[in-house]
Amino acid sequence: MHPGELELQTPDAAMLQKTQQQLEKDLGIAGFAFRETGYPDLPAMVLEIQAFLEKQQTGNAAALMRIINRVDLSESQYRKVKSMPGDWIENLAKAIVLRVFQKVLIRKNFGGG
C-alpha cells in the first residue's frame with residue numbers, strides 16, 4: 001500500500017447484519033423487508049433494494065422521496081446520484097446502501113450502537 005492510500009476492509013458479518021437491520025428500518029416506512037436473513041457483502045443487498053425502489057418509482061414516488069429523506073442522503077449526494085451515468089435507480093440503491101453503512105460505521109466508531 002502506498003502512503004496516503006486508503007485501505008478498504010470488507011465489513012464483518014456483524015456490521016453487515018447491522019447494516020441490513022438499519023436498511024430494513026429505514027426502508028420499512030415504505031414496506032420494505034429483505035427476503036434473506038444474511039448477505040455476504042453490501043453489493044448483494046443492492047439488487048434487492050434496487051428492485052424495491054423501481055416499484056416505488058412507478059407506483060409510489062412520494063414513498064421514494066420519504067426513503068431518500070429517511071436514509072439522510074444529503075442534497076449534494078442526491079444531486080450526484082442524479083448526475084451519474086447509468087441507471088438512476090441502481091445508482092440510488094448503491095447510494096442508499098453506502099449511506100446506511102456509513103451511519104452504522106459511525107455509530108460503531110463513535111458510540112451509540
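## Report on a predicted helical model

Because its relative accessibility is 13%, K103 counts as buried (buried means under 20% relative accessible area, exposed over 50% and partly exposed in between, with a 1.4 Å probe and protein chains only). The model is predicted: local features need pLDDT of at least 70 and side-chain atom pairs count only at pLDDT 80 or more, while totals for chains, interfaces and linings use all residues. Residues are numbered from 1 along each chain as its sequence is written, and side-chain values use heavy atoms, with hydrogens and water left out.

K103 belongs to helix α5, residues 88-110 (helices are DSSP runs of H or I with at least four residues, numbered from the N terminus).

The largest nonpolar core holds 30 residues, of which L23, L27, I49, L53, L92 and I96 touch the most other members. Such a core is a set of buried Ala, Val, Leu, Ile, Met, Phe, Trp, Tyr and Cys residues joined through side-chain atoms within 4.5 Å. Two or more residues come from each of α1 (13-27), α2 (42-59), α3 (61-70), α4 (75-83) and α5. Helix α5 gives the most, with ten residues. In soluble globular proteins, nonpolar side chains tend to be buried together.

A33 is located in the loop between α1 and α2. A33 and Q20 lie 13 residues apart in sequence, and their C-alpha atoms are 9.4 Å apart in space.

The table lists contacts (heavy atoms within 4.5 Å), leaving aside residues up to four places away in sequence.

| Residue | Contacts |
|---|---|
| K103 | Q22, D26, R70 and V71 |
| L27 | F32, I49, F52, I67, V71 and I96 |
| A33 | E24 and E48 |
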